[in-house]
Amino acid sequence: SRGKTYRTVKKMNMVVSAYTHTGNPTATGEMPKKGTIAVDSRVIPLGTKLYVEGYGYGTASDTGGGIKGERLDVFFENKEQALKWGIKKVEVHVLEEIKGN
């Protein structure tokens, strides 16, 4: 992520579903794009960097009514990709920037 280095501070096995454009901005006010991840902000604070197995790197920048507890929703650019992802249980790495690089 733009020359920054991150390390895993926590690993979690989470249920991860997928979503696509709704026409609405995210909880942080941006339009969703690849790497946008919806979280339960009581479990993972908004702004947290994440690595989702099979999806890649992203940022917790959205919330959703069905996203409660240890569950995520990852963004895809189109419905076909979101449906192909489906719902799966994967390993999620909570990341922290390593300062001083």
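Threonine 36 is buried because its relative accessibility is 1%, where buried means under 20% relative accessible area, exposed over 50% and partly exposed in between, using a 1.4 Å probe and protein chains only. This is a predicted model, in which local features need pLDDT of at least 70, side-chain atom pairs count only at pLDDT 80 or more, and totals for chains, interfaces and linings use all residues. Residues are numbered from 1 along each chain as its sequence is written, and side-chain values use heavy atoms, with hydrogens and water left out.

So what is around threonine 36? Setting aside neighbours within four places in sequence, its contacts (heavy atoms within 4.5 Å) include Tyr19, Tyr55, Thr59, Ser61 and Asp73. The threonine 36 side chain also reaches the backbone oxygen of lysine 33 at 2.8 Å; a polar contact is a pair of N or O atoms within 3.5 Å, where, within protein, one must be able to donate a hydrogen and the other to accept it, and residues adjacent in sequence count only if both atoms are side-chain atoms.

Now zoom out to the strands. Threonine 36 sits in strand 2; strands are DSSP runs of E with at least two residues, numbered from the N terminus. Strand 2 (residues 36-38) runs parallel to strand 4, joined by 3 bridges, and two strands pair if DSSP finds at least two bridges between them. Here isoleucine 37 stands opposite alanine 60 of strand 4.

Strand 4 (residues 56-62) is mostly covered, with 5 of its 7 residues buried. It also pairs with strand 3 (residues 49-52), this time antiparallel over 4 bridges, and leucine 50 faces glycine 58 there. The hairpin of strand 3 and strand 4 has 3 residues between the strands, and glycine 54 takes a positive phi near 85 degrees.
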